[in-house]
Amino acid sequence: MQLIGESLRGHLLGVGGNKPADAGIAAVLQELARAACVISRDVNRAGLVGILGRTDQHNVHGETVQKLDVYANELLVDGLRKSAVVCGIASEESENIISPSAAGEKSDYIVYFDPLDGSSNIDVNVSIGTIFAIYRRRSTKGAATLEDFLQTGRDQVAAGYFLYGTSTMLVFTAVDSVNGFTLDSSAGEFRLSHPNIRTPERGRIYSCNESNSGTWDTPTQEYVAALKSTSSRAYTSRYVGSFVADFHRNLLKGGIFLYPADVREPGKPASGKLRLMYECNPMALLQEHAGGLAVDVEHDILDIVPVGIHHRVPLVIGSRIDVGEYLARRREHRAA
Ligand code: FDP
């Protein structure tokens, strides 16, 4: 029995009778939540304080960095280093691993994050978010090594996201249940609002950027075409273009989100866009713990061995039956 309205702190301590979180993980989550409160406040008044818009920098993926991306990244990195709750940090905005503070080297945990996912939506007031994943280190002392960072999604000890939407929410999983908290901005506190989230076994929503469909592989094209055929169940299309927002809607309502491999540059092989370590893995863990499924094209996302901290993969994620039907179409295609 979980207590609606219970504070994040109380929840992490197990006050409502839930299993308490490990103290080290709770400390990282609380530091992330503290930074997210500030990001949420500033996202809401970004136009007023002059931090909306683009910088002249590009991140490691060649994307234009929005001012709020930089701001959110610095806020998270500074907070995590100062509070000494992690022994290493990896961010979408930094090419290399970020070293911890000297005191942080004593921590057992590392963290990955995408400070502001959906950043192309910042200037137009569409929901954006912060995605994170926490791992236990493998090394025993000092700053975390690359090996500590290159673990599979199954090794995540906690993962989740903050959604800066009509209200600000934290959705995370640390043990096996998925819980949602809503920011009570007057108290600066996240409070339990969505206990034990389960995703519907199948949904009616499909979400993808169909402008890329001409370069998807045939089974994916056929699958999406079938969703639109008059004989299929009535599916509806919803795509915000901000992964956190698209994921959150489908988690609660059921459905399938696809970001398949596509041809980014003419003449180059098809590849995925989304990043394994700080976009796909955290959402895959949440989805699995909520009863859903996440695959690249054939494998569980959570089993993929990363080749680097910015590894990209195709992603198909959502309700178990919908993702199962996508996989069945691939199998049929292979057998034909
Ligand atoms: P963005 O480029 O705005 O940062 O991976 C980032 C992401 O957004 C996701 O949030 C979103 O789902 C996807 O890219 C949108 O990509 P497309 O514009 O290619 O559809």
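This is a predicted model: local features need pLDDT of at least 70, side-chain atom pairs count only at pLDDT 80 or more; totals for chains, interfaces and linings use all residues.
**Stop 1: the ligand.** Select the ligand first. The space it takes is the largest pocket. Now show the residues around the ligand: there are 14. Among these 14, the nearest are S120, N209, Y239, Y259 and E279. Colour the shell by class. You will find four nonpolar, six polar and four charged residues.

Stop 2: Which side chain has a polar atom 2.5 Å from an oxygen atom of the ligand? Select S120: a polar atom of its side chain lies at that distance, 2.5 Å. S120 is also one of the residues that come nearest to the ligand. Next, pick R275. A polar atom in the R275 side chain sits 3.2 Å from an oxygen atom of the ligand. Then go to G118 and show its backbone. Here a backbone N or O atom is 3.4 Å from a ligand oxygen atom. On its own, the ligand exposes 460 Å². The protein buries 86% of that area.

**Stop 3: a salt bridge.** Leave the ligand and look at charged pairs. How many salt bridges does the structure hold? The count is 16. Select R138 and D155 for one example. Their side chains meet in a salt bridge, with N to O at 3.3 Å. This pair links distant parts of the chain, 17 residues apart. R138 is in the loop between strand 5 (128-136) and helix 5 (146-149). D155 is in the loop between helix 5 and strand 6 (156-164).

How values were computed: Residues are numbered from 1 along each chain as its sequence is written. Side-chain values use heavy atoms; hydrogens and water are left out. A residue is near a molecule or strand if one of its heavy atoms lies within 4 Å of it. A polar contact is a pair of N or O atoms within 3.5 Å; within protein, one must be able to donate a hydrogen and the other to accept it, and residues adjacent in sequence count only if both atoms are side-chain atoms. Accessible areas come from the Shrake-Rupley method with a 1.4 Å probe; for residues, only the protein chains shown count as cover. On a 1 Å grid over the protein atoms alone, a cavity is a set of points where a 1.4 Å probe fits but cannot get out, and a pocket is an open set with protein on both sides within 12 Å along at least five of seven lines; lining residues have an atom within 4 Å of a point. A molecule sits in a cavity or pocket if more than half of its atoms lie within 2 Å of its grid points. Ala, Val, Leu, Ile, Met, Phe, Trp, Tyr, Cys and Pro count as nonpolar, Asp, Glu, Lys and Arg as charged, and the others, Gly among them, as polar. A salt bridge is a side-chain nitrogen of Lys or Arg within 4 Å of a carboxyl oxygen of Asp or Glu. Helices (H or I, at least four residues) and strands (E, at least two) are DSSP runs, numbered from the N terminus.
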